[in-house]
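Have the model open as you read.

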Amino acid sequence: VMRSASVVVAGSRYVLDYAKSAGARRIEYVPTVVDLARYAVPPAGAPNSACVVGWIGTPFTVKYLELITPVLSALARQGHALELRVIGAAAPSIPGVTVQSRPWSADREAEEIAAFDVGVMPLEDSQWERGKCAYKLIQYMACGVPVVASPVGMNAEVVGEGAQQAGFLAADTPAWIEALTQLLQAPELRRRLGAQGRARVAAAYSLQVTAPRLAAIFNAVGAKGA
């Protein structure tokens with residue numbers, strides 16, 4: 001299919017490299033984006049009684065949360081007041097941690113995400129995950145929520161670094177504990193990384209920036225075909 005296509009639009013570097021190896025004639029890298037107008041950073045208000053570590057996904061992908069259940073349990077034993085809030089699937093049971101499951105809806109997903117204090121995206125490291133496009137990270141960041149993610153697939157590119165850093169990458173249990181501890185203990189750090197993430201989405205992962213470029217790609221292919 002890739003070899004026969006006039007253009008292959010790749011949402012991740014992994015897919016882009018695969019398209020090259022498949023012999024695609026023309027490849028355009030266009031990352032996954034969100035409509036920034038649908039996602040808002042809520043005004044500062046009273047903090048949550050427990051720090052909300054949030055995740056959004058499906059019953060198929062909720063299995064990845066098992067990777068960080070020992071992390072959250074360890075943080076609870078250390079005395080951190082936290083809640084795991086899961087949107088779109090049943091939350092796993094974690095000793096010492098308050099867990100809450102909420103149904104997904106298109107109308108409320110942005111509002112639900114905006115109520116997180118930290119957004120997480122743990123992943124296994126296999127071929128399937130390497131092709132993923134970090135959509136939930138982009139959703140978190142669009143709402144000004146700092147993130148912690150496994151360094152798999154597009155996650156590292158989306159999280160960024162330096163002045164554009166939106167959170168932390170964590171490859172193992174100690175790294176997850178360290179990253180979440182920093183964020184749980186420092187509201188100002190959460191605000192700063194959240195603001196940097198929102199700016200990063202506005203610049204590189206928003207429909208407003210990407211739609212004209214994607215339209216130009218399709219128009220060019222159509223004009224050539226005509």
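Q: What makes helix H2 (residues 69–77) count as largely enclosed by the rest of the structure?

A: This is a predicted model, and in it 7 of the 9 residues of H2 are buried, so the helix is largely enclosed. Buried here means under 20% relative accessible area. The residues that pass are Thr-69, Val-71, Leu-72, Ser-73, Ala-74, Leu-75 and Ala-76.

Q: And what covers those buried residues of H2?

A: The cover includes strand E4 (82–87) and H7. Just past the end of H2, by the way, Gly-79 takes a positive phi of about 100°.

Q: Why are H7 and H8 called roughly perpendicular?

A: Helix H7 (residues 173–185) and helix H8 (residues 187–204) pack at an angle of about 105°. The label roughly perpendicular goes to angles of 65 to 115 degrees, so H7 and H8 get it. Their axes are 5 Å apart.

Q: Which residues of H7 and H8 meet?

A: From H7 you have Gln-182, Leu-183, Leu-184 and Gln-185, and they meet Pro-187, Leu-189, Arg-190 and Leu-193 of H8. Sorted by class, that contact comes to 5 nonpolar, 2 polar and 1 charged.

Q: How do you know whether Met-141 is buried or exposed?

A: Look at its relative accessible area: Met-141 comes out at 0%. The cut-off for buried is under 20%, so Met-141 is buried. You'll find Met-141 in helix H5 (residues 135–142).

Q: What does Met-141 touch, leaving out residues up to four places away in sequence?

A: Its partners are Val-147, Val-158, Ala-166, Gly-194, Gly-197, Arg-198, Arg-200 and Val-201. Contact means heavy atoms within 4.5 Å.

Q: Which element gives the most to the lining of the second largest pocket?

A: That's H5, with 3 residues. The pocket is lined by 13 residues, and Ile-56, Gly-57, Tyr-135, Lys-136 and Gln-139 lie nearest its centre. Its volume is about 200 Å³.

Q: What is the make-up of that lining by class?

A: The lining of the second largest pocket has 6 nonpolar, 4 polar and 3 charged residues. When you sort them yourself, remember that Tyr counts as nonpolar and Gly as polar.

Definitions and conventions:
Residues are numbered from 1 along each chain as its sequence is written. This is a predicted model: local features need pLDDT of at least 70, side-chain atom pairs count only at pLDDT 80 or more; totals for chains, interfaces and linings use all residues. Side-chain values use heavy atoms; hydrogens and water are left out. Helices (H or I, at least four residues) and strands (E, at least two) are DSSP runs, numbered from the N terminus. Buried means under 20% relative accessible area, exposed over 50%, partly exposed in between (1.4 Å probe, protein chains only). Axes are lines fitted to C-alpha atoms, for helices over the stretch in contact, and angles run from 0 to 180 degrees between N-to-C directions. Angles under 35 degrees count as roughly parallel, over 145 as roughly antiparallel, 65 to 115 as roughly perpendicular and the rest as oblique. On a 1 Å grid over the protein atoms alone, a cavity is a set of points where a 1.4 Å probe fits but cannot get out, and a pocket is an open set with protein on both sides within 12 Å along at least five of seven lines; lining residues have an atom within 4 Å of a point. Grid points are joined across faces, edges and corners, and a volume is the space filled by probe spheres set on the points.
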